[in-house]
Amino acid sequence: MSADPNCIFCKIVAGQIPALRVFEDDGTLAFLDIGPLAEGHMLVVPKEHYARVEDMPPDRMAALARHFPRFVRAVTRVTSAEGCNLLLNNERVAGQEVPHVHWHVIPRSAADGLGFRWKPTKYATGRGEVVQQLVKDALL
Ligand code: AMP
Ligand code: ZN
């Protein structure tokens, strides 16, 4: 898999459209999000075009993910953030607008007002074990 000529992040990788790039190596590019939820909000993308996580070879994902400790340390330090969210929206139903795998690194502070919209639920009695088995079987 290489570049998709219609993909905005492939165009950024190729240098065809500008971005505030902060890091790159052979396979990974990080740049500032054009619509930041907080100052320093950055995106981390594989240089090759993969639309979804499950399209990525595991070693490519591992090569990208190894940078996260350093990215988080740098971005929280320069923004004086108290923490950050690492977020990946996979598929449109999950909020993915750009179909090229990308991790968000979003600096957070107590007063940022971003909050969390997700509300945890509970499994009905026995349902957790059913789901546990389904997932275990699917992983075989
Ligand atoms: P998602 O909803 O997870 O697909 O996130 C897509 C993100 O890409 C959004 O946060 C956008 O602000 C960001 N984005 C879209 N176009 C650009 C661009 N040209 N440069 C930087 N970030 C972009
Ligand atoms: Zn792409």
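I began with the surroundings of ligand 1 and found 16 residues around it, the closest being Asp33, Gly95, Glu97, His102 and His104. I note at once that this is a predicted model, and I read every distance below as computed from it.

Next I looked up which atoms of the protein face the oxygen atoms of ligand 1. With the cut-off for a polar contact at 3.5 Å between N or O atoms, I first took Asn89, where a polar side-chain atom lies 2.9 Å from an oxygen atom of the ligand. I then turned to the backbone, where a polar atom of Gly95 is 2.7 Å from an oxygen atom of ligand 1, and where a polar atom of Val98 is 3.0 Å from an oxygen atom of ligand 1. Gly95 is also listed among the closest residues of the surroundings.

Two elements give two or more residues to the shell around the ligand, namely α1 (8-13) and β2 (28-32), and the largest share, three residues, comes from α1. Sorting the shell by residue type, I got eight nonpolar, six polar and two charged residues.

Strand β1, residues 21-24, pairs with β2 in the antiparallel sense over three bridges, and the two form a hairpin with three residues between them. Within this pairing I found Glu24 opposite Leu29 of β2. For reading the side chains here I keep in mind that in a regular strand they alternate between the two faces of the sheet.

Last, I placed these elements in the whole chain. I count four helices and five strands in the protein chain, and from the N terminus on their order is α-β-β-β-α-α-β-β-α. The C-alpha trace spans about 50 × 40 × 25 Å along its principal axes.

Definitions and conventions. Residues are numbered from 1 along each chain as its sequence is written. Chains are lettered from A and ligands numbered from 1 in the order in which they are written. This is a predicted model: local features need pLDDT of at least 70, side-chain atom pairs count only at pLDDT 80 or more; totals for chains, interfaces and linings use all residues. Side-chain values use heavy atoms; hydrogens and water are left out. A residue is near a molecule or strand if one of its heavy atoms lies within 4 Å of it. A polar contact is a pair of N or O atoms within 3.5 Å; within protein, one must be able to donate a hydrogen and the other to accept it, and residues adjacent in sequence count only if both atoms are side-chain atoms. Ala, Val, Leu, Ile, Met, Phe, Trp, Tyr, Cys and Pro count as nonpolar, Asp, Glu, Lys and Arg as charged, and the others, Gly among them, as polar. Two strands pair if DSSP finds at least two bridges between them.
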